[in-house]
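Hi everyone, thanks for making time. I'd like to walk you through one model this morning, so please have a look at the screen.

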Amino acid sequence: MDEQSIEFGMTLRTTRNGSVAVLSVSGEVDLASAPLLEEEALGLLEENPSGLIIDLTDVHFLSSMGMALLMGLSKRTLDNVGFAVVAHGNATARPLELLGLSKILTIHPRLDDALAALRAAE
């Protein structure tokens, strides 16, 4: 399954890697687009995947609203679904690290690393 939607300067693409859902995001995650990202992620969680990865590789702006969304998703998946974030660079990994969220969220620099970690946890 590969679906794509574009709104508010953000593109979302959903794919499956086995039982792991991958939500790839590109563009800006801000006040206008974060609710769309949340809606898509919650829809994926309703499908009961073994894991959910939010791939921010192609995000060039991650607002505080986007970071709060990641924290909320992490809490929702805590007990029954593996959760990981792919973030690398100044626009995504750096703000998450500076705010201490890298100590709470499972963050990987590459999608392959996140997939391997979630598969190992199954």
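Predicted model: local features only at pLDDT ≥ 70, side-chain atom pairs only at ≥ 80, totals over all residues.

Let's start with helix α1, which covers residues 34–46. Its 13 residues reach 18 Å from the first C-alpha to the last, close to the 18 Å expected at 1.5 Å a residue. Which residues of α1 are buried? They are Ala34, Leu37, Ala41, Leu44 and Leu45. Looking down the axis of α1, you'll find these buried residues within an arc of 100°, so they line one face of the helix. That buried set packs against β2, β3, β4 and α2. Turned away from the buried side, the other face carries Glu39 and Glu46, which are exposed. After α1 comes Asn48, and its phi is positive, near 55°.

Now over to helix α4, residues 111–121, where Ala114, Leu115 and Leu118 are buried. Down the axis of α4, its buried residues again fall within an arc of 100°, so they line one face of the helix. The cover over them includes strands β2, β3, β4, β5 and β6. Asp112 and Ala120 are exposed, on the face of α4 turned away from its buried side.

Finally, my loop residue: Leu105, between α3 and β6. Is Leu105 buried or exposed? Its relative accessible area is 4%, so Leu105 counts as buried, the cut-off being under 20%. Leaving out residues up to four places away in sequence, Leu105 touches Leu70, Met71, Ser74, Phe83 and Leu96.

That's my tour, and I'm happy to chat.

Conventions: Residues numbered from 1 in each chain as written. Heavy atoms only, no water. Buried < 20%, exposed > 50% of the residue type's maximum accessible area, 1.4 Å probe, protein only. Helix = DSSP H or I, 4+ residues; strand = E, 2+ residues; numbered from the N terminus. Arc of directions from axis to C-beta. Contact = heavy atoms within 4.5 Å. Expected span 1.5 Å × (residues − 1).
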